[in-house]
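Please look over the model below before reading my points. They are kept brief.

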Amino acid sequence: MLIADSAIEVVARDGVRALTHRAVDSEAGLPSGSTSYYCRTRAQLVALTVERVTSLLRGFVEVSGIQELASNKADDVLDVLSRMIEALLADYRGELAARSALIIELTGREDTSDLVSALLDPSDLHTALDATGMRDPAVAAMDLLVVYEGLLWERTVGRLSGQPVDRAHDSELLSAALARHEHRGPRNLFGLRR
């Protein structure tokens, strides 16, 4: 774990090209050669880093509750997603930065689908959006993910990095992604399907 977590720190701070055995040894405070004992090649070191980032972020998603959410209110889905953004930025900023760097560096050379789906996959949102009455929850999930990923990118490595998270603002942007989607059946004043 120490080697993998130190590798994430190196990538988050200095980029994928800075990921060397020596850099990880230094980051971890280990004797020279320690990382190469566990990961003989740089490719193995990159794979270990990808696996750790993916595991940590998927673990976060699995405890977030989004996969089991079955509320008939879209606002509940948006609230969970905006809280997830806030929590990810508070506790996983390094992992998010490393994920971004790894996706950019590895796309076209290696399969990055696990890294891409580590934060959220359309299937993670399907049950929640279906429960809200979305006519096509799969399409709505993709639209929501585009905005969700964009917010995380900008708040991690983009124009909004370093700025305080504005959960209400993020929720409004996420809401706009759902506004164009139709619901099944009529609704009463309380948002419940008849």
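1. Buried means under 20% relative accessible area, exposed over 50%, and partly exposed in between, with a 1.4 Å probe and protein chains only. By that scale Tyr38 is exposed at 60%. Tyr37 is exposed too, at 58%.

2. This is a predicted model, so local features need pLDDT of at least 70 and side-chain atom pairs count only at pLDDT 80 or more, while totals for chains, interfaces and linings use all residues. Residues are numbered from 1 along each chain as its sequence is written, and side-chain values use heavy atoms, with hydrogens and water left out.

3. Confidence first. pLDDT is the predictor's confidence in each residue, from 0 to 100. Its mean over the protein chain is 92, and 95% of residues reach 70 or more. Residues 187-194 fall below 50; beyond near neighbours in sequence, this stretch has 17 contacts in the model. A contact means heavy atoms within 4.5 Å.

4. Now the fold. The protein chain has 10 helices and 0 strands. Helices (H or I, at least four residues) and strands (E, at least two) are DSSP runs, numbered from the N terminus. The C-alpha atoms fill a box of roughly 65 × 30 × 30 Å along the principal axes. Of the 194 residues, 43% are buried. Among contacts between residues at least 6 apart in sequence, 68% join residues at least 24 apart.

5. Which geometry does the aromatic pair Tyr37 and Tyr38 have? The pair is edge-to-face, 5.1 Å centre to centre with 90° between the planes. Rings of Phe, Tyr and Trp (its six-membered ring) pair if their centres lie within 6.5 Å; planes under 30 degrees apart count as stacked, over 60 as edge-to-face and the rest as tilted. The structure holds 2 aromatic pairs.
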